[in-house]
Amino acid sequence: MRYAAMSQTIHRRFVRAGVMVLLGLAVVVPGMAQDALPAPAPTPQPTPIAVSDIPARAAASVDAARQAVASAAPDALLIQIQQAFPDEQAQIATLREETTERMKRPGPASMIKESEKSWQRVRARLDRWMVDLSARSSALDATLGDLQSRTALWQLTRDHGSAAALPKVVTQEITDALKSLADAEKQVRSARASILSLQAAVAKDKRGEDDLLAKQQQDIGQRTKGLGSSGLLYTSPSP
């Protein structure tokens, strides 16, 4: 009995000790973790371009502006999309009219499946165009961001140089760099607006195509079950 009582006493002491350790960890560990986390590094503020670096940096910015304009110019694929889209819109309008009329007439599911195949081809074509146009607009967004960052840095350098009374030749290099960047940004914005406009028009037609294609698939399911597009039982005409 005495041994059992001693054993229970020792067990209770171990349990108390374990609880105290856990409570201590609950209090200490969060504080330790907070102390161990490094403070976020402050965002470095832009500094004016050093006077000795202005000639080389100005030439680099002028070259970057030239490359930005070149990248914004339409290539053969974009020109193909721009030229093909009006004909595509006309074809979609004609196909929509034919499909709508066909869905009003009774007939087997195969009659609607013919139209569905045509719409599937239209969808695949519009999907390809959307992927290309989205990639182009994203690339132009990145180009605009680079031009704007360069412009902000040159404006900071110009303002700092005005206070430091830079030589006229250096001031002119800053002015030329800013002009090149501004001209490039204007052209890139124009190209981006054109692509976004075309992208929006393609997306609009694609939404209409998706809706009509869904209706065709529903109609095909009804006709396959022997129902017409109105839900009425379809029976083949007598020979």
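**How far does helix 5 reach from its first C-alpha to its last?**

Helix 5 has 57 residues and spans 82 Å between its end C-alpha atoms, close to the 84 Å expected at 1.5 Å a residue. (That expected span is 1.5 Å times one less than the number of residues.) Just after helix 5 comes G226, with a positive phi of about 95 degrees.

**Before we go on**

What you're looking at is a predicted model, where local features need pLDDT of at least 70 and side-chain atom pairs count only at pLDDT 80 or more, while totals for chains, interfaces and linings use all residues. Residues are numbered from 1 along each chain as its sequence is written, and side-chain values use heavy atoms, with hydrogens and water left out.

**The big picture**

The protein chain has five helices and zero strands, so its elements read α-α-α-α-α from the N terminus on, where helices (H or I, at least four residues) and strands (E, at least two) are DSSP runs numbered from that end. Of the 239 residues, 28% count as buried. Here, buried means under 20% relative accessible area, exposed means over 50%, and partly exposed is in between, using a 1.4 Å probe and protein chains only.

The accessible surface of the chain comes to about 15800 Å², and 60% of it belongs to carbon and sulfur atoms. These areas come from the Shrake-Rupley method with a 1.4 Å probe, and for residues only the protein chains shown count as cover. Now for contacts, meaning heavy atoms within 4.5 Å: among those between residues at least 6 apart in sequence, 84% join residues at least 24 apart.

**The nonpolar core**

A nonpolar core is a set of buried Ala, Val, Leu, Ile, Met, Phe, Trp, Tyr and Cys residues joined through side-chain atoms within 4.5 Å. The largest one here has 42 residues, and those with the most contacts inside it are I54, W119, W154, V188, L198 and V202. Two or more residues each come from helix 2 (54-72), helix 3 (76-104), helix 4 (109-164) and helix 5 (168-224). Helix 5 gives the largest share, 15 residues.

Take V188 as an example. Leaving out residues up to four places away in sequence, V188 touches A68, A72, L140, T143, L144 and L147.

Helix 2 has 19 residues and reaches 27 Å from first C-alpha to last, close to the 27 Å expected at 1.5 Å a residue. Its buried residues are I54, A58, S61, A64, A65, A68 and A72. Why do the buried residues of helix 2 line one face? Seen down the helix axis, they fall within an arc of 120 degrees, so they sit along one face of the helix; the arc is that of the directions from the axis to the C-beta atoms. Here's a handy rule: an α-helix has 3.6 residues a turn, so residues three or four places apart point the same way. On the other side of helix 2, A56, R66 and A70 are exposed.

I49 lies in the loop between helix 1 (2-36) and helix 2. I49 is buried, with a relative accessible area of 8%. Beyond residues up to four places away in sequence, I49 touches I54, R57, L153, W154 and T157. I49 and H160 are 111 residues apart along the chain, yet their C-alpha atoms are separated by 9.2 Å.

**One aromatic pair**

A search of the whole structure finds one aromatic pair. The ring centres of F85 and W129 are 6.3 Å apart and the planes are at 70 degrees, so the pair is edge-to-face. The cut-offs: rings of Phe, Tyr and Trp (its six-membered ring) pair if their centres lie within 6.5 Å, with planes under 30 degrees apart counted as stacked, over 60 as edge-to-face and the rest as tilted.

F85 is in helix 3 and W129 in helix 4, 44 residues apart, so the pair links distant parts of the chain. F85 is buried at 5% relative accessible area, and W129 is buried too, at 10%.

**A few buried spots**

E88 lies in helix 3 and counts as buried at 5% relative accessibility. Not counting residues up to four places away, E88 touches V122, R125, L126 and W129. In helix 5, L213 has 0% relative accessibility and counts as buried. Leaving aside neighbours within four places, L213 is in contact with E116, W119, Q120 and R123.
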